[in-house]
Amino acid sequence: MKGRVLLCFALIFFSSATGQVSYTIPEELPKGSLVGNIAHDLGLETKRLISGKARIYTSDSDEYIELNGERGVLLVKERIDREAICKQTTPCALHFQIILENPMQFYTITVQLTDINDNPPTFEGHNIELKISESAAVGSKYELERALDLDVGRNDLQRYELKPTGNFALNLHSNSDENKNVEMVLQKPLDREKQDKINLVLTAIDGGEPPMSGTMLIVITVLDANDNAPVFTQKIYKATVHENSPAGTNVATVRATDADQGSNSKITYLITNKLDNVRKIFKINDDKGEITLIGHLDFEESRNFEINVRASDEGGLTDSCKLIVEVQDVNDNKPDINIMSKSNVIAEDATVNTVVTMIHIEDKDTGDNGKIHCFISENVEFTLESSTNNFYSLVTNSELDRERASEYNITVTCSDEGVPSLSSSVTLTLQISDVNDNA
């Protein structure tokens, strides 16, 4: 009789938890800072957290939040840098689950991360050099390097200043991606004989309190006679390319024309992206404007690229265009099967629908390539049930009899809907413990 009582404690029952809690904290909080009273917010007592061996489950490798079960609170475990986690993406949040046992339960927790002004606007270089003809017409435009601010919202880059403002004024206009293109506009004719070099300072200022800023020196060399600037045939080019395309793949060709003759009509093409990895992945033929692939494309890391191209003639006049490259997904990721919690032993008198294992499935691909279906090897005693999106529970489907089968090897297979389909599988071994059910 004593042995039967002990076996009863080995039974694990599943209770689907519908609780979902969300918190909002600023980034860069000190280690140990309070995130929230999770026990109170989930309506649980701290003794339930302790008896249920409450723990945090996350599919990511880094855990920034920890659970103090005795106090029933969530605390900051590691320094949280919003820019490192989400880059420019907003809103930014951490997602994880709290797992309880005896009975099994899990709750979904979301921690929203708000930005603080901890990054100044930054130019890649401290200075740039431009060559501009003295015959350049008033109103001529010269594209300048944009600054990058890793913060978002109000703390992001807000405005530019150009000083002194004698010959040039600043012109800002927003792109389709809501970034501001920075152009310097000639508002007073140049005279090389009076001034052959002009030094300007471009300042980028964010909207934090207090604001932070970054500067870049613009050195202009005034040249003689070049009447026409290059003009691109299109301001925006578009192209598509499959991820995992080999190096040397031709992505697109941009083209500019110049109405001048001789050396003043010779056009040189240049990719002007500075602070991102575009120039590590794409290169341009400086004579023909052909853009080819030199690096590795991964749809799961970057789904599109914006390549800024400048066309310059021998006299220093320029025009700019943008090539938008859409990366197309290829089914190159197998479903990833993660065991959230499992039982290695179950009593033969376990009731039907007893939860044996909880599984979380992930597939980094998208669309049909990321749609997953899971099933188990034919076994009438167990079934695989889907609780929520990509969460599955392996439960008993009928009564067990240790005298008939003392051990089960259950293979869970998950396949995506890509063409061809990719799949992963895991085999779970389950021991059936004896109860005194035979005279």
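Predicted model: local features only at pLDDT ≥ 70, side-chain atom pairs only at ≥ 80, totals over all residues.
Are Cys86 and Cys92 buried or exposed? Both are buried.

1. Disulfides in general. The structure holds 2 disulfides. A disulfide is a covalent bond that links the sulfur atoms of two cysteines. With the bonded cysteines of the protein numbered in sequence order, the pairing reads 1-2, 3-4.

2. The pair Cys86 and Cys92. A disulfide joins these two residues, with an S to S distance of 2.0 Å. The torsion about the S-S bond of Cys86 and Cys92 is about 75 degrees, and the disulfide is therefore right-handed.

3. The pair Cys374 and Cys414. The sulfur atoms of Cys374 and Cys414 lie 2.1 Å apart and form a disulfide. Because the torsion about their S-S bond is about 110 degrees, this disulfide is right-handed. Cys374 belongs to strand E27 (residues 372–376) and Cys414 to strand E30 (residues 407–416), so the bond ties together parts that are 40 residues apart in sequence. Cys374 has a relative accessible area of 16% and is buried; Cys414, at 0% relative accessibility, is buried too.

4. A further cysteine. Cys321 counts as buried, since its relative accessibility is 6%, where the cut-off for a buried residue is under 20%.

5. How many of the 6 residues of strand E29 (residues 391–396) are buried? The count is 6 of the 6, so the strand is largely enclosed by the rest of the structure.

6. Partners of strand E29. Strand E26 (residues 355–362) runs antiparallel to E29 and is joined to it by 5 bridges. In this pairing, His360 stands opposite Phe391 of E29. Strand E28 (residues 382–388) is also antiparallel to E29, with 6 bridges between the two. Here Ser386 stands opposite Tyr392 of E29. The hairpin of E28 and E29 has 2 residues between the strands, and Asn390 in this hairpin takes a positive phi near 65 degrees.

7. Thr110. This residue is placed in strand E7 (residues 105–114). Its relative accessibility is 8%, so Thr110 counts as buried. Neighbours within four places in sequence aside, Thr110 is in contact with Gln20, Val21, Ser22 and Tyr23, and also with Ala93, Leu94 and His95.

8. Glu193. Is Glu193 buried or exposed? Its relative accessibility of 53% makes Glu193 exposed, because the term applies to values over 50%. Glu193 is found in the loop between strand E12 (180–186) and strand E13 (197–206). Residues up to four places away in sequence not being counted, Glu193 touches Glu134 and Asp224. Glu134 is 59 residues from Glu193 along the chain, and the C-alpha atoms of the two are separated by 9.2 Å.

9. A nonpolar surface patch. Which residues form a nonpolar patch on the surface? They are Leu148, Leu150 and Leu275, which together have about 220 Å² of accessible area. Leu148 is located in the loop between strand E9 (141–143) and strand E10 (157–163). With a relative accessible area of 33%, Leu148 is partly exposed.

How values were computed:
Residues numbered from 1 in each chain as written. Heavy atoms only, no water. Patch = residues over 30% accessible without salt bridge, like charges linked within 9 Å, V, L, I, M, F, W, Y side chains within 5 Å. Areas by Shrake-Rupley, 256 points an atom, 1.4 Å probe, with all protein chains shown as cover. Salt bridge = Lys/Arg side-chain N within 4 Å of Asp/Glu carboxyl O. Helix = DSSP H or I, 4+ residues; strand = E, 2+ residues; numbered from the N terminus. Buried < 20%, exposed > 50% of the residue type's maximum accessible area, 1.4 Å probe, protein only. Contact = heavy atoms within 4.5 Å. Disulfide = S-S within 2.5 Å. Pairing = 2+ DSSP bridges.
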